[in-house]
Amino acid sequence: YGVGLYGKWLINLLENTAIDVVYAIDKRWDVKNVNIPVVNISSKLESVDGIIITPIFDVDSISKALRRRTHVECIGLKEIL
């Protein structure tokens with residue numbers, strides 16, 4: 001979730017790795033320019049293994065919103081780093 005500075009960085013970092021980034025989720029999905037599909041949180045979210053929340057602030061509220069839409073595990077980028 002999040003196609004800002006950190007989201008774009010993560011997408012680029014994971015290219016050509018064993019981790020397949022299927023799509024990105026962003027509230028401004030219609031203006032984001034990346035090489036994968038970008039959807040909004042209201043879209044039917046395709047089944048994936050997990051969602052990484054890249055915004056550093058507001059992780060809890062984003063995670064709650066995502067849990068209302070999917071049962072996929074959500075983890076903050078800050079936790080990974």
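Predicted model: local features only at pLDDT ≥ 70, side-chain atom pairs only at ≥ 80, totals over all residues.

Trainee: What counts as a pocket, and what volume has the largest pocket?

Mentor: Work on a 1 Å grid over the protein atoms alone. A pocket is an open set of points with protein on both sides within 12 Å along at least five of seven lines, whereas a cavity is a set where a 1.4 Å probe fits but cannot get out. Grid points are joined across faces, edges and corners, and the volume is the space filled by probe spheres set on the points. Here the largest pocket has a volume of about 520 Å³.

Trainee: Which residues of its lining lie nearest the centre of the largest pocket?

Mentor: Lining residues have an atom within 4 Å of a point. The largest pocket has 21 of them, and Asp20, Val21, Gly50, Ile51 and Ile52 lie nearest its centre.

Trainee: Which element gives the most to the lining of the largest pocket?

Mentor: Elements are DSSP runs, numbered from the N terminus: helices are H or I with at least four residues, strands are E with at least two. Helix 1 gives the most, with 4 residues. Helix 1 (5-14), strand 1 (24-25) and strand 3 (50-53) each supply at least two residues of this lining.

Trainee: How do the residues of that lining divide into nonpolar, polar and charged?

Mentor: Ala, Val, Leu, Ile, Met, Phe, Trp, Tyr, Cys and Pro count as nonpolar; Asp, Glu, Lys and Arg as charged; the others, Gly among them, as polar. The lining of the largest pocket has 15 nonpolar, 4 polar and 2 charged residues.

Trainee: What is the volume of the second largest pocket, and which residues line it?

Mentor: Its volume is about 190 Å³. There are 16 lining residues, with Tyr1, Gly2, Asp26, Lys27 and Pro55 nearest the centre of this second largest pocket. Helix 1 and helix 2 (59-69) are the elements that give two or more residues to its lining. Helix 1 gives the most, with 3 residues. The lining of the second largest pocket divides into 6 nonpolar, 5 polar and 5 charged residues.

Trainee: Now the cores. Which residues make up the largest nonpolar core?

Mentor: A nonpolar core is a set of buried Ala, Val, Leu, Ile, Met, Phe, Trp, Tyr and Cys residues joined through side-chain atoms within 4.5 Å. Buried means under 20% relative accessible area, exposed over 50%, partly exposed in between (1.4 Å probe, protein chains only). The largest core has 10 residues: Tyr1, Tyr23, Ile25, Leu45, Ile51, Ile53, Ile62, Leu66, Val72 and Cys74. Strand 3 and helix 2 each supply at least two residues of this core. A second, separate core of 5 residues includes Val3, Ala24, Ile36 and Val38.

Trainee: What does valine 72 touch?

Mentor: Contact means heavy atoms within 4.5 Å. Not counting residues up to four places away in sequence, valine 72 touches Val48, Asp49, Gly50 and Ile51. Valine 72 sits in the loop between helix 2 and strand 4 (73-76). Its C-alpha is 5.4 Å from that of glycine 50, though the two are 22 residues apart in sequence.

Trainee: Why does valine 72 count as buried?

Mentor: Valine 72 counts as buried because its relative accessible area is 13%.

Trainee: Is threonine 54 buried or exposed?

Mentor: Threonine 54 is buried, at 5% relative accessibility. This residue lies in the loop between strand 3 and helix 2. For a polar contact, look for a pair of N or O atoms within 3.5 Å; within protein, one must be able to donate a hydrogen and the other to accept it, and residues adjacent in sequence count only if both atoms are side-chain atoms. The side chain of threonine 54 reaches the backbone oxygen of glycine 2 at 3.0 Å.

Trainee: Where is asparagine 16, and what is its phi?

Mentor: Asparagine 16 is in the loop between helix 1 and strand 1. Its phi is near 60°, a positive value in a residue other than glycine. Asparagine 16 is exposed, at 81% relative accessibility.

Conventions:
Residues numbered from 1 in each chain as written. Heavy atoms only, no water.
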